[in-house]
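Biologist: Hello! Could you walk me through this model and tell me what stands behind each of the terms you use?

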Amino acid sequence: MSLDKADVEKIAHLARIAIDEERVPDYASNLSGILGLVEQMNAVDTDAVAPMAHPLDMAQRLREDAVTESNQRDKFQAISPKVENGLFLVPKVIE
Amino acid sequence: MEWEAVIGLEIHSQLATNSKIFSGASTAYGAEPNTQACAVDLGLPGVLPVLNKEAVGMAVKFGLAVNAEIGQHSVFARKNYFYPDLPKGYQISQYELPIVGKGHVEIELEDGSSKTVGVTRAHLEEDAGKSLHEDFQGMTGIDLNRAGTPLLEIVSEPDMRSAKEAVAYMKKIHSLVTYLGICDGNMQEGSFRCDANVSVRLKGEETFGTRAELKNINSFRFVERAINYEIERQIDVLEGGGKVVQETRLYDADKDETRSMRGKEEANDYRYFPDPDLLPVVIEDGFIEATRGTLPELPDEKKARYMEAFGLSAYDAGVLTASRDLAAYFEQVVEESGADAKQCANWVQGEVSAALNKDGIEITESPVSAAMLAGMMKRIADNTISGKIAKQVFQAMWAGEGDADAVIEAKGLKQITDTGAIESIIDEVLANNADQVEQYRAGNEKVFGFFVGQVMKATQGKANPQQVNQLLKGKLQS
């Protein structure tokens, strides 16, 4: 499967990544190469193999339902560009 | 042309855990902004989610309650999208292997019939934070206290055919999650929310029409209104020769209409993939069986018991068992008063419910406790007061004037059962109404009611009605 310029731009938009217009052909060729590898793997007959959701063959450990975290808002907000009344401020989101 | 609506609901139910689904931060509602958002909830680099055991147990409870298969091997996936109240850039949810598989519930319709609605699946996921769009220096404020709160998203089959059926289904699920104690069901605080997928087709068609997804519906009343508005809108579009566009629409309760959320709907591409930070969740048979043992009596079973043990009609039993709190109130009244269950049901569904509606409060906030109502029922049973006077006593108890005995005493409402006293009042009534006595004796039995009325009036309703009838009959026939 080969990606064109429009595909690359869409992927960049979905990932919110700003890309350099000139490098789009490079990205398209690199990403197409990755997809080519995936296609190659897809061609292998895996009918007899159960799909895995994780490379480790282990089960998720569960935690007890207890509150263990205390309020550290001031620390977290010290590294935030802008806060007000305890809220993080971000560029306006229009609904 | 006859149209038919096809409706499916996605219900988000916040699970009543103490801590978040993947972190040890508190889930308590109403805290100062961002004081319950820890490094995991903020999506800071290097953090790892660890799954809350209680959230898993609650999901299993729900699955058992809707007769669903429990996904004994279930997987968390990342649902990728960008929004500032989702700091990681993805929501941890479930995609291919949810914890609860196909199940079903029974709903009751207005005509008394019932219908089975399929539950497609229910999966665990984390809630997002809240965006506040009031003006903060021209910016949007973000509160991440809610981020990471466990949600059970319950997806129905497109089995509903009217807004009323959708509401009945939503109420059923609400009743189940609150009975199970896995959700507080508070719709104002957003603990129980619903999106509706609505489409219409010509009656008899096999295929579904194009659907619109309605968001932001936070009450049973609005679900019905939003769906009805949307059905009408789609029929108008189709009959006008147009096409329904697949889109997300927001319900505006103030204007009672739905409107398109985005001019240009970008096809959702969430790029789901298994979350490498979380291993598959394995649920052993033993865990499922142990959970089954903790299930309380559920609304359908309770309803059947009320019909069987108390002789209540399906309708009465359905109303009383719709809420676990109301059912508990009713049962306490029956138990403590020893009165006839049907009579207790009438009071709970009648006076109590009317007063609750009038004051806009819940049964748990009732100023007349179950014990107080039981106390009053006892006074009806032992003939201290009549059913009619009881309404006066109830209103006084509601107004905070004390329990039944205190009210009866203070207001002098005790029923007159002294035969001599009633007789002397009857004598007086008969003496003052000689004309009517003549009429009665001449064969006009209708005036009997007039005499009863006069005696009750003279005693301010306090005379025992059976005694009045009996004594009056005796006097008039003598």
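Modeller: Gladly! A word on terms to begin with: helices here are DSSP runs (H or I) of at least four residues, strands are E runs of at least two, and both are numbered from the N terminus. Please keep in mind that this is a predicted model. In chain A there are 3 helices and 3 strands, and from the N terminus on their order is α-α-β-α-β-β.

Biologist: How do you know how chain A stands against a compact globule?

Modeller: By its radius of gyration, taken over C-alpha atoms. Chain A has 22 Å, whereas a compact globule of 95 residues would have a value near 12 Å. The C-alpha trace of chain A spans about 55 × 45 × 25 Å along its principal axes. As for burial, 22% of the 95 residues in chain A are buried.

Biologist: And why is chain B called more spread out than a compact globule?

Modeller: Let me start with its elements: chain B has 16 helices and 16 strands. For its 478 residues the globule rule gives 23 Å, and the radius of gyration of chain B is 30 Å, well over that, so chain B is more spread out than a compact globule. Its C-alpha atoms fill a box of roughly 95 × 55 × 55 Å along the principal axes. Of the 478 residues of chain B, 51% count as buried.

Biologist: What makes B:D127 count as buried?

Modeller: The cut-off for buried is under 20% relative accessible area. B:D127 has 5% relative accessibility, so this residue counts as buried. B:D127 lies in the loop between β7 (114-126) and β8 of chain B. From B:D127 to B:I235 there are 108 residues in sequence and 34 Å in space, C-alpha to C-alpha.

Biologist: How do you know that β8(B) and β9(B) pair?

Modeller: Two strands pair if DSSP finds at least two bridges between them. Strand β8 (residues 130-136) and strand β9 (residues 139-143) of chain B have 4 bridges, in the antiparallel sense, so by that rule they pair. In β9(B), the residue opposite B:F136 is B:M139. The hairpin has 2 residues between the strands, and B:Q137 takes a positive phi near 50° there.

Biologist: Why is B:C183 said to be in no disulfide?

Modeller: A disulfide needs two cysteine sulfur atoms within 2.5 Å. For B:C183, the nearest cysteine sulfur is that of B:C194, 13 Å away, and B:C183 is in no disulfide. B:C183 also counts as buried, because its relative accessibility is 4%. Another cysteine, B:C38, has 3% relative accessibility and therefore counts as buried.

Biologist: What makes up the lining of the second largest pocket?

Modeller: That pocket has a volume of about 2,100 Å³. It is lined by 48 residues, and the closest to its centre are B:K171, B:F220, B:V319, B:A322 and B:S323. The elements of chain B that give two or more residues to this lining include β6 (103-108), α4 (220-239) and α9 (341-359). The helix α3(B) gives the most, with 9 residues.

Biologist: How many of the lining residues are nonpolar, polar and charged?

Modeller: In the lining of the second largest pocket there are 15 nonpolar, 17 polar and 16 charged residues. Gly counts as polar in this scheme.

Technical notes. Residues numbered from 1 in each chain as written. Chains lettered and ligands numbered in written order. Predicted model: local features only at pLDDT ≥ 70, side-chain atom pairs only at ≥ 80, totals over all residues. Heavy atoms only, no water. 1 Å grid on protein atoms, 1.4 Å probe; cavity = no way out; pocket = protein on both sides within 12 Å on 5 of 7 lines; lining within 4 Å. Points joined across faces, edges and corners; volume = space filled by probe spheres on them. Buried < 20%, exposed > 50% of the residue type's maximum accessible area, 1.4 Å probe, protein only. Rg over C-alpha atoms; globule rule 2.2 N^0.38 Å.
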